[in-house]
Amino acid sequence: MTDTWGPSRPPPSSGEGTPRLTDTWGPISSERPSSRPSTRPPTATGERAWYLELPCPPGEGTFRSKGIAYRGLAHLVTSRVEGGPPAFAAALPTPALQRFFDQPFLASSFYDMFPLVAGSGVLASLARIPLDVFAHQQGRTQAAHDVEHAYRALLQGKSTDDIHSRLRPLAGRYYDFGEWDVERQGPDRIRVVESALPIWIMPWFIPMQIGYFSGLMAAMGKPSSTVTMQSFRREGLAGAMPLVVLELAVVLRD
């Protein structure tokens, strides 16, 4: 399986945890301009844990994800962190984040998505893995779980002939924001356009999505498929949060 960041945008180096957003956005400061919560990620995270500067207090975000994603993170905490959940909780830098992660997560309920990014960043740091690399692995792991368990009826045992028609409802089951347009562009190519996404999550979300689609195609019998980010552009605001459109190209290969 080959996963790329696009024909004109290389993946971040091992010292960077975010995609290089400057090609699209212009310079993005690595300094918080004031005490107001940041709504835009920095261009690199080698010296700064941007993911801990949530746009709003944990639990109050209006962009939400199903609890199944948090349960997936909990599985990684148990399997990858020496000391398990207590060590992860101790690494969370604020009481608010600790309280948020101390709650039970129901697989089918929706929760603020921003702490998921923060928790993933903390876990990547504990594992001494760059965030983009961790997010890619996280996406592949989640895809394998979904095929076998959570969305088994939708995905398992099916061919990729009509996968495009099943990806759209799958996205709707994960998030309560954004719009997903999935279309077949020939026998071996799928175009995925995800719009109205909050820019703050993108340094984690882009590699996670590439990993997720890679894992999904591999689990469905196309292990040599490629997933490429084709474009990334701004699209308005939701309050103070810039929104973006992400386009991925999936090329199916046995």
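This is a predicted model: local features need pLDDT of at least 70, side-chain atom pairs count only at pLDDT 80 or more; totals for chains, interfaces and linings use all residues.
Which element gives the largest share of the lining of the largest cavity? Helix α9 does, with five residues. Here are my notes on that helix and what surrounds it.

1. The protein has nine helices and seven strands, and buried residues account for 50% of its 254 residues. If you look at contacts between residues at least 6 apart in sequence, 69% of them join residues at least 24 apart. The exposed surface comes to about 11200 Å², with carbon and sulfur atoms supplying 50% of it.

2. Searching the whole structure turns up two cavities of 30 Å³ or more, and the largest cavity holds about 240 Å³. It is lined by 22 residues, and the closest to its centre are Y174, Y175, M208, Q209 and Y212. Besides α9, the elements that give two or more residues to this lining are α2 (67-80), α6, α8 and β4 (179-184).

3. Y174 belongs to helix α8 (residues 163-174) and Y212 to helix α9 (residues 202-219), so to speak of distance, the pair links parts of the chain 38 residues apart. Y174 counts as buried because its relative accessibility is 5%, and Y212 counts as buried at 7%. The count of aromatic pairs comes to 22.

4. In soluble globular proteins, nonpolar side chains tend to be buried together. Here the largest nonpolar core has 65 residues, and F101, I201, M202, W204 and F205 have the most contacts inside it. The element that gives the most to this core is α9, with ten residues.

5. W204 is worth a click in the viewer. Leaving out neighbours within four places in sequence, W204 is in contact with W50, M113, L116, V117, S120, L131, A135 and Q138.

6. Is Q138 buried or exposed? It is buried, because its relative accessibility is 8% and the cut-off for buried is under 20%. Apart from residues up to four places away in sequence, Q138 touches L73, L76, S120 and W204. S120 is therefore a contact of both W204 and Q138, going by the 4.5 Å contact limit.

Terms used. Residues are numbered from 1 along each chain as its sequence is written. Side-chain values use heavy atoms; hydrogens and water are left out. Rings of Phe, Tyr and Trp (its six-membered ring) pair if their centres lie within 6.5 Å; planes under 30 degrees apart count as stacked, over 60 as edge-to-face and the rest as tilted. Helices (H or I, at least four residues) and strands (E, at least two) are DSSP runs, numbered from the N terminus. Buried means under 20% relative accessible area, exposed over 50%, partly exposed in between (1.4 Å probe, protein chains only). A nonpolar core is a set of buried Ala, Val, Leu, Ile, Met, Phe, Trp, Tyr and Cys residues joined through side-chain atoms within 4.5 Å. Accessible areas come from the Shrake-Rupley method with a 1.4 Å probe; for residues, only the protein chains shown count as cover. On a 1 Å grid over the protein atoms alone, a cavity is a set of points where a 1.4 Å probe fits but cannot get out, and a pocket is an open set with protein on both sides within 12 Å along at least five of seven lines; lining residues have an atom within 4 Å of a point. Grid points are joined across faces, edges and corners, and a volume is the space filled by probe spheres set on the points.
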